[in-house]
Amino acid sequence: LLSGGLTVFYPYLTTNMDGEVVWTKEELQKFKGENDVLMIAIMGQVYDVSAGRQYYGEDGGYGFFAGRDASRAYHSGDFTESGLTDDLTGMELEGNVAVNEWR
């Protein structure tokens, strides 16, 4: 996963040749509310949503998005564990376009 213009520096994360932070799923999971930073990802773009803790935090209505890339759910509306995935395989073009509009 590539960072999406983050201004926060995370020295323990890997960067690519362009200096962009490369996020693994395991690294992203560390930011699902147990600490002060909340991150979500949409189609590989990582966003710091800490300012929206009331929405993306543990008790927020969108807390299930924190610490993961759940791109498919942005179009499917399937917020079950199996639906909260970054796998867009089999999704029609309009579904991919709809997910991309969330970025």
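Modeller: Exposed means over 50% relative accessible area. Keep in mind that this is a predicted model.

Colleague: Okay, why does E81 count as exposed?

Modeller: E81 has 60% relative accessibility, and the cut-off is over 50%, so E81 counts as exposed.

Colleague: And what makes the contact of E81 with R68 a salt bridge?

Modeller: The closest N and O atoms of E81 and R68 are 3.2 Å apart. The limit is within 4 Å, so the pair qualifies as a salt bridge.

Colleague: Why is R68 called partly exposed?

Modeller: Its relative accessible area is 22%. Buried would need under 20% and exposed over 50%, so R68 lands in between.

Colleague: How many salt bridges does the structure hold?

Modeller: Two. D86 also forms one with K25, the closest N and O atoms being 3.3 Å apart. That one ties the loop between α3 (71–76) and α4 (93–100) to helix α1, 61 residues apart.

Colleague: On to the rings: why is the pair of Y62 and F65 stacked?

Modeller: Their centres are 6.4 Å apart, within the 6.5 Å limit, and their planes are at 20°, under 30 degrees, so the pair is stacked.

Colleague: What makes Y56 and Y62 tilted, then?

Modeller: Their planes make 40°, with 6.1 Å centre to centre.

Colleague: How do you know whether F65 is buried or exposed?

Modeller: F65 has a relative accessible area of 4%, under the 20% cut-off, so F65 is buried.

Terms used: Residues are numbered from 1 along each chain as its sequence is written. This is a predicted model: local features need pLDDT of at least 70, side-chain atom pairs count only at pLDDT 80 or more; totals for chains, interfaces and linings use all residues. Side-chain values use heavy atoms; hydrogens and water are left out. Rings of Phe, Tyr and Trp (its six-membered ring) pair if their centres lie within 6.5 Å; planes under 30 degrees apart count as stacked, over 60 as edge-to-face and the rest as tilted. Buried means under 20% relative accessible area, exposed over 50%, partly exposed in between (1.4 Å probe, protein chains only). A salt bridge is a side-chain nitrogen of Lys or Arg within 4 Å of a carboxyl oxygen of Asp or Glu. Helices (H or I, at least four residues) and strands (E, at least two) are DSSP runs, numbered from the N terminus.
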